[in-house]
Amino acid sequence: MHKFKTSLLFSMLAMGTVCSTAAFADLQALASKTELVNLGTGTVQFTGQLLEQGCKINIGSGSTNQLVDMGTSAVPPRDSNGSVTKGHYWGATDFTITFEECPTAAKLTNNQKVYVKFSNIDGSNDNMDTLKVFKDGSTSSSDYIGIQISPKFGEVIKLNDSIEIGDTSTDTNLLADGNGKIDAHFTAHWAVIQDSTSDTDIAPGKYTGSAAVDISYH
């Protein structure tokens with residue numbers, strides 16, 4: 001069977017070579033009579049803008065990684081049925097992210113606003129407004145709790161959504177003669193992301209979570 005297929009293939013190739021040689025003169029004659037037809041022309045235009053270097057996160061140690069200590073909190077209380085419902089939150093902690101060397105109005109072509117967004121490190125967005133947390137070094141995130149972030153006294157921020165933290169036309173530090181510094185104030189709290197009916201769902205222990213922080217001007 002294998003030899004038959006191989007022989008057939010070679011035969012077909014040989015026939016193809018003979019046909020191509022025989023028709024070569026005709027193809028040359030046809031090509032000499034073919035004229036190119038201009039079907040129209042067009043232009044592709046590219047435009048873009050280069051900005052000054054972006055802001056740097058300053059936490060006082062030369063690192064761009066900031067630690068927010070959520071402190072010690074009790075596990076959320078359960079109702080008479082032994083349940084904790086989705087949406088329950090507790091243990092709020094205030095924190096500040098300081099951005100330095102941000103472009104000021106003098107370095108930008110137009111007065112622009114400054115935005116920041118938070119996202120899970122792995123880019124996932126399973127829960128629209130909740131960062132993943134991991135218990136005691138586990139490689140799997142909790143199915144029941146996470147961390148939510150909001151501007152101080154504001155509503156919970158959706159992950160990957162940009163929120164305004166500065167304005168180059170009004171904020172003193174971002175005006176033309178400003179120092180390019182922004183102190184952005186936020187609050188983080190624990191949040192239940194799925195109804196829980198068992199104590200083991202939200203067990204005592206050490207939990208950690210991380211957020212990627214991106215800043216943009218537009």
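# Reading a predicted strand protein

Student: How much of the protein counts as buried?

Tutor: Of its 218 residues, 27% are in that class.

Student: How many helices and strands does the protein have?

Tutor: The protein has one helix and nine strands. Helices (H or I, at least four residues) and strands (E, at least two) are DSSP runs, numbered from the N terminus. Read from the N terminus, the order of elements is α-β-β-β-β-β-β-β-β-β.

Student: How do I read a sheet?

Tutor: Strands of a sheet pair through backbone hydrogen bonds, either parallel or antiparallel. Here two strands pair if DSSP finds at least two bridges between them. In this model, β1-β2-β7-β5 is the order of four strands in an open sheet with antiparallel pairing.

Student: Which strands stand at the edges?

Tutor: β1 (56-57) and β5 do; each has a single partner strand, so one side of each has no neighbour in the sheet. Between β2 and β7, which run antiparallel, there are nine bridges. One example to find in the structure is Thr98, whose bridge partner in β7 is Asp183.

Student: Which strands pair with β3?

Tutor: β3 pairs with strand β6 (residues 163-167) in the antiparallel sense over four bridges, and with β9, also antiparallel, over seven bridges. Val116 has Ile163 as its bridge partner in β6, and Ser119 stands opposite Ala212 in β9. Strand β3 (residues 113-120) is mostly covered, with six of its eight residues buried.

Student: How do I read a nonpolar core?

Tutor: In soluble globular proteins, nonpolar side chains tend to be buried together. A nonpolar core is a set of buried Ala, Val, Leu, Ile, Met, Phe, Trp, Tyr and Cys residues joined through side-chain atoms within 4.5 Å. The largest one in this model has 32 residues, and Phe99, Ile145, Ile165, Phe186 and Trp190 have the most contacts inside it. β2, β3, β5, β6 and β7 are the elements that give two or more residues to this core. The largest share, six residues, comes from β7.

Student: How many salt bridges are there?

Tutor: A salt bridge is a side-chain nitrogen of Lys or Arg within 4 Å of a carboxyl oxygen of Asp or Glu. By this rule the count is six. In one of them, the side chains of Lys132 and Asp122 meet at 2.9 Å, N to O. Both residues of this pair sit in the loop between β3 and β4 (134-135), ten residues apart. Asp122 is exposed, with a relative accessible area of 52%.

Student: Where do Glu164 and Lys113 lie?

Tutor: Their side chains form a salt bridge of 3.7 Å, N to O. Glu164 is in strand β6 and Lys113 in strand β3, so the pair ties together parts 51 residues apart in sequence. Glu164 is partly exposed at a relative accessible area of 42%, and Lys113 is partly exposed at 33%.

Student: What does Asp94 form a salt bridge with?

Tutor: Its partner is Lys152, with the closest N and O atoms 3.8 Å apart. Asp94 lies in strand β2 and Lys152 in the loop between β5 and β6, 58 residues apart. Asp94 has a relative accessible area of 48% and is partly exposed; Lys152, at 39%, is partly exposed.

Student: How do I read a pocket?

Tutor: Rolling a probe the size of a water molecule over the atoms shows where empty space is left. On a 1 Å grid over the protein atoms alone, where a 1.4 Å probe fits, a pocket is an open set of points with protein on both sides within 12 Å along at least five of seven lines; lining residues have an atom within 4 Å of a point. Grid points are joined across faces, edges and corners, and a volume is the space filled by probe spheres set on the points. The largest pocket has a volume of about 960 Å³. It is lined by 37 residues, of which Val68, Met70, Ile147, Thr208 and Gly209 are the closest to its centre.

Student: How do the residues of the lining divide?

Tutor: There are 25 nonpolar, ten polar and two charged residues. Ala, Val, Leu, Ile, Met, Phe, Trp, Tyr, Cys and Pro count as nonpolar, Asp, Glu, Lys and Arg as charged, and the others, Gly among them, as polar. At least two lining residues come from each of β2 (89-100), β5 (145-151), β7 (182-192), β8 (207-208) and β9 (211-217).

Definitions and conventions
Residues numbered from 1 in each chain as written. Predicted model: local features only at pLDDT ≥ 70, side-chain atom pairs only at ≥ 80, totals over all residues. Heavy atoms only, no water. Buried < 20%, exposed > 50% of the residue type's maximum accessible area, 1.4 Å probe, protein only.
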